[in-house]
Amino acid sequence: MEREEVIPILRVADADVAAEWYSRIGFELQHVHRFEPHLPAFATIARNEITLFLSEHTGDARPDTLIYLRVHDLDSIAASLGSTIDDNPWGRECEATDPDRNRLRFGTPSWW
């Protein structure tokens with residue numbers, strides 16, 4: 001049986017540029033779809049068990065979205081992004097903003 005999942009859709013101006021930015025933190029481009037070569041792209045990127053959709057389609061999502069990604073390698077992600085890690089009672093976290101103003105909060109819970 002396939003696992004169920006939630007996949008956030010992030011609005012991007014250029015899926016190739018966005019995928020390159022996300023590659024800094026371990027995401028790999030899986031697939032790009034366009035109905036025609038001149039039409040907007042819809043891309044899938046993945047990092048371990050995390051999948052994100054990147055859409056150039058204006059109606060799919062809005063910039064300035066915040067998503068939370070629970071990760072095991074917070075230190076390397078923060079270093080790759082030049083972000084500071086905050087120690088909180090519930091765990092360690094850092095934040096970053098992608099080139100399209102989508103906000104990402106990465107965290108490792110204290111109970112891991």
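Author: Helices (H or I, at least four residues) and strands (E, at least two) are DSSP runs, numbered from the N terminus. This is a predicted model, in which local features need pLDDT of at least 70 and side-chain atom pairs count only at pLDDT 80 or more, while totals for chains, interfaces and linings use all residues. Residues are numbered from 1 along each chain as its sequence is written, and side-chain values use heavy atoms, with hydrogens and water left out.

Reader: Is Asn-48 buried or exposed?

Author: Asn-48 is in the loop between β3 and β4, and has a positive phi of about 55° although it is not a glycine. Buried means under 20% relative accessible area, exposed over 50%, and partly exposed in between (1.4 Å probe, protein chains only). Asn-48 has 71% relative accessibility, so it counts as exposed.

Reader: What volume does the largest pocket have?

Author: On a 1 Å grid over the protein atoms alone, a pocket is an open set of points where a 1.4 Å probe fits, with protein on both sides within 12 Å along at least five of seven lines; a cavity is a set from which the probe cannot get out. Grid points are joined across faces, edges and corners, and a volume is the space filled by probe spheres set on the points. For the largest pocket this is about 290 Å³.

Reader: Which strand gives the most to the lining of the largest pocket?

Author: Lining residues have an atom within 4 Å of a point; of the 17 here, the closest to the centre are Glu-49, Ile-50, Thr-51, Leu-69 and Arg-70. By class, the lining has eight nonpolar residues (Ala, Val, Leu, Ile, Met, Phe, Trp, Tyr, Cys and Pro count as such), six charged (Asp, Glu, Lys and Arg) and three polar (the others, Gly among them). β4 (50–55) and β5 (66–70) each supply at least two residues. With four residues, the strand that gives the most is β5.

Reader: Through how many residues does a hairpin join β6 to β7?

Author: Two strands pair if DSSP finds at least two bridges between them. β6 (residues 86–88) and β7 (residues 91–97) run antiparallel and are joined by three bridges, with Asp-86 opposite Glu-93. The number of residues through which the hairpin joins them is two.

Reader: Over how many bridges do β7 and β8 pair?

Author: These strands form a hairpin with five residues between them. Arg-101, in the loop between them, has a positive phi of about 70° although it is not a glycine; at 52% relative accessibility, it counts as exposed. Arg-92 has Thr-108 in β8 as its bridge partner. β7 pairs with β8 (residues 103–109) in the antiparallel sense, and the number of bridges is seven.

Reader: Around the axis of α2, what arc do the buried residues cover?

Author: In α2 (residues 74–81), Leu-74, Ile-77, Ala-78 and Leu-81 are buried. An α-helix has 3.6 residues a turn, so residues three or four places apart point the same way.

Reader: Which elements do the buried residues of α2 pack against?

Author: Just after α2, Gly-82 takes a positive phi of about 70°. The buried residues of the helix pack against α1 (15–23), β3 (42–47), β7 and β8.

Technical notes:
Contact means heavy atoms within 4.5 Å.
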